[in-house]
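Hello,

Here is the structure I promised to pass on to you. Have a look at it first, and then read my notes below.

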Amino acid sequence: NFNTVTTTSINADIGVASLTDNGVGDTTITFDTALSNNRYAVAGFAKADAAENAGGTMRMDDNVALMATTSVRINTQGNTNTKYDTDIATVMVVGLP
């Protein structure tokens, strides 16, 4: 669970070493322990942005390179595909260490 408004910060975590703010709505999550391969599952959601007037979504760009064994890069965005920062984003990664 993390916040990307003003300062990117971890609210609560298991297995997360750090976050990197790559720009508005674009965050890299670095794992404490590397996974054995990049074929892991990622699930999550983001709190809606008031300007979007709709639910928030979390996604990865169409680039498998964004799923490394040591990190994953995700975006938070609204229904208009506009990226935004949010105070609540949750991510779950399931894979083999």
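Arg59 stands opposite Asn75, a residue of β7. This is a predicted model, in which local features need pLDDT of at least 70 and side-chain atom pairs count only at pLDDT 80 or more, while totals for chains, interfaces and linings use all residues. Residues are numbered from 1 along each chain as its sequence is written, and side-chain values use heavy atoms, with hydrogens and water left out.

Strand β7 covers residues 71–77 and is joined to β6 by three bridges, the two running antiparallel. Helices (H or I, at least four residues) and strands (E, at least two) are DSSP runs, numbered from the N terminus, and two strands pair if DSSP finds at least two bridges between them.

Where do these strands sit in the sheet? The order is β3-β4-β7-β6, an open sheet of four strands with antiparallel pairing. At its edges are β3 (16–23) and β6 (57–59), each pairing on one side only.

Now to β4, residues 26–31. Five of its six residues are buried (under 20% relative accessible area, with exposed over 50% and partly exposed in between; 1.4 Å probe, protein chains only). Six bridges link β4 to β3, and five link β4 to β7.

Enjoy exploring!
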